[in-house]
Amino acid sequence: MKKQGFWKRAFYLYYDGFKNMTVGRTLWAIILIKLFIIFLVLKLFFFPNHISENAEDGQEPQYVWQQMNRNN
């Protein structure tokens, strides 16, 4: 019997598990939709890119340094 490598065995473990899922697929779909909402929608609307709006092009590190030293 040929011994398989760790990565190949791990891949087939997950492959077989996801292939035979029924309810789990719905749960994974819900998880992926929630992650999409959290990371894409909330980032776009609630976390603007403050550095690119206030710093000149190419001067972003200096802007961050100034802001860090100003608050100390």
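From the N terminus on, the chain runs α-α-α-α. The model is predicted, so local features need pLDDT of at least 70 and side-chain atom pairs count only at pLDDT 80 or more, while totals for chains, interfaces and linings use all residues. Residues are numbered from 1 along each chain as its sequence is written, and side-chain values use heavy atoms, with hydrogens and water left out.

**Exercise 1. State how many helices and strands the chain has, and set its radius of gyration against that of a compact globule.**

Step 1. Helices (H or I, at least four residues) and strands (E, at least two) are DSSP runs, numbered from the N terminus. The chain comes to four helices and zero strands.

Step 2. The radius of gyration is taken over C-alpha atoms, and the globule rule is 2.2 Å times the number of residues to the power 0.38. For 72 residues a compact globule would be near 11 Å, but the chain has 23 Å.

Step 3. Along the principal axes, the C-alpha atoms fill a box of roughly 65 × 30 × 25 Å.

Step 4. Buried means under 20% relative accessible area, exposed over 50%, and partly exposed in between (1.4 Å probe, protein chains only). Buried residues are 6% of the 72.

**Exercise 2. Check the span of helix α2 against its number of residues, and find where α2 bends.**

Step 1. The expected span of a helix is 1.5 Å times one less than its number of residues.

Step 2. In α2 a bend of about 25° falls at Ile37.

Step 3. Trp28 also lies in helix α2 and is partly exposed, at 41% relative accessible area. Between Trp28 and Phe18 there are 10.0 Å, C-alpha to C-alpha, at 10 residues apart in sequence.

**Exercise 3. Classify the ring pairs that Phe11 makes with Tyr12 and with Tyr15.**

Step 1. Rings of Phe, Tyr and Trp (its six-membered ring) pair if their centres lie within 6.5 Å; planes under 30 degrees apart count as stacked, over 60 as edge-to-face and the rest as tilted. The count by this rule is five aromatic pairs.

Step 2. For Phe11 and Tyr12 the centres are 5.3 Å apart and the planes stand at 70°, so this pair is edge-to-face.

Step 3. For Phe11 and Tyr15 the centres are 5.7 Å apart and the planes stand at 20°, so this pair is stacked. Both residues lie in helix α1 (residues 6-19), four residues apart, about one turn of the helix.

Step 4. Phe11, Tyr12 and Tyr15 form one aromatic cluster. Tyr12 is partly exposed at 36% relative accessible area, and Tyr15 is partly exposed at 43%.

**Exercise 4. Identify the residues of the salt bridge and describe their setting.**

Step 1. A salt bridge is a side-chain nitrogen of Lys or Arg within 4 Å of a carboxyl oxygen of Asp or Glu. The structure holds one.

Step 2. Its partners are Lys19 and Asp16, at 3.9 Å from N to O.

Step 3. Lys19 and Asp16 are three residues apart in helix α1, so about one helical turn separates them.

Step 4. Lys19 is partly exposed, with 47% relative accessible area; Asp16, at 36%, is partly exposed as well.

Methods:
Bend = angle between axes of the 7 residues up to and from the residue.
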